[in-house]
Amino acid sequence: MATSEEVFEKVRETLVDALGVDDDEVTPEATLIGDLGAESIDFLDIIFRLEKNFDIKIPRGELFPENLAAADSGFVEDGVVTDKGIAELRARMPHADVDSFADDPKVENIQELFTVNMICKFLESKVNE
């Protein structure tokens, strides 16, 4: 059973290696894209490294859901995630702070869901199953 601190330290090491950021930049509230400069291609590398560092398998789309904001998903209308989309986010990302996002559900704000803390919560649920 891993403690929250142990999970955070491993996630920090993983993100420092994957993104070339400094330790002190990786805080629980830091967003992967906005604060740590991750790009979509980095997400695959991060998942690969997390699988290796935690000795787990992360199914495709489980940590970073795909196509939630696609035009044909039915979850977006006029650049805003619909109530149905918010419900889908809650279902697919129980480890993310969807409530904060729901306050201003513009599509471009979806990236704010991907925080260091979100990754830690996801991994804690995986490694402590």
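Which helix supplies the largest share of the lining of the second largest pocket? In this predicted model, that share comes from H5, with three residues.

**View 1. The second largest pocket and its lining.** This pocket has a volume of about 200 Å³, and of the 13 residues that line the second largest pocket, Asp97, Ser100, Glu112, Leu113 and Thr115 are the closest to its centre. At least two residues of this lining are supplied by each of H4 and H5. Sorted by class, the lining of the second largest pocket has four nonpolar, five polar and four charged residues.

**View 2. The largest pocket and its lining.** The space in the largest pocket comes to about 470 Å³, and 19 residues line it, of which Ser40, Phe43, Phe64, Pro65 and Glu66 are the closest to the centre. The lining of the largest pocket divides into 12 nonpolar, three polar and four charged residues.

**View 3. An aromatic pair of Phe64 and Phe114.** The model holds three aromatic pairs, and one of them joins Phe64 and Phe114 edge-to-face, with 5.5 Å from centre to centre and 70° between the planes. Because Phe64 lies in the loop between helix H2 (40-54) and strand S1 (76-77), while Phe114 lies in the loop between helix H4 (98-102) and helix H5 (116-127), the pair ties together parts that are 50 residues apart in sequence. Phe64 and Phe114 are both buried, and together with Phe43 they form one aromatic cluster.

**View 4. A charge over a ring.** Lys10 places its charged end over the ring of Phe54, at 5.0 Å from the centre of that ring.

Note on methods. Residues numbered from 1 in each chain as written. Predicted model: local features only at pLDDT ≥ 70, side-chain atom pairs only at ≥ 80, totals over all residues. Heavy atoms only, no water. Phe/Tyr/Trp six-rings, centres within 6.5 Å; stacked < 30°, edge-to-face > 60°. Helix = DSSP H or I, 4+ residues; strand = E, 2+ residues; numbered from the N terminus. Buried < 20%, exposed > 50% of the residue type's maximum accessible area, 1.4 Å probe, protein only. Lys NZ or Arg CZ within 6 Å of the ring centre and 35° of its normal. 1 Å grid on protein atoms, 1.4 Å probe; cavity = no way out; pocket = protein on both sides within 12 Å on 5 of 7 lines; lining within 4 Å. Points joined across faces, edges and corners; volume = space filled by probe spheres on them. Nonpolar A, V, L, I, M, F, W, Y, C, P; charged D, E, K, R; others polar.
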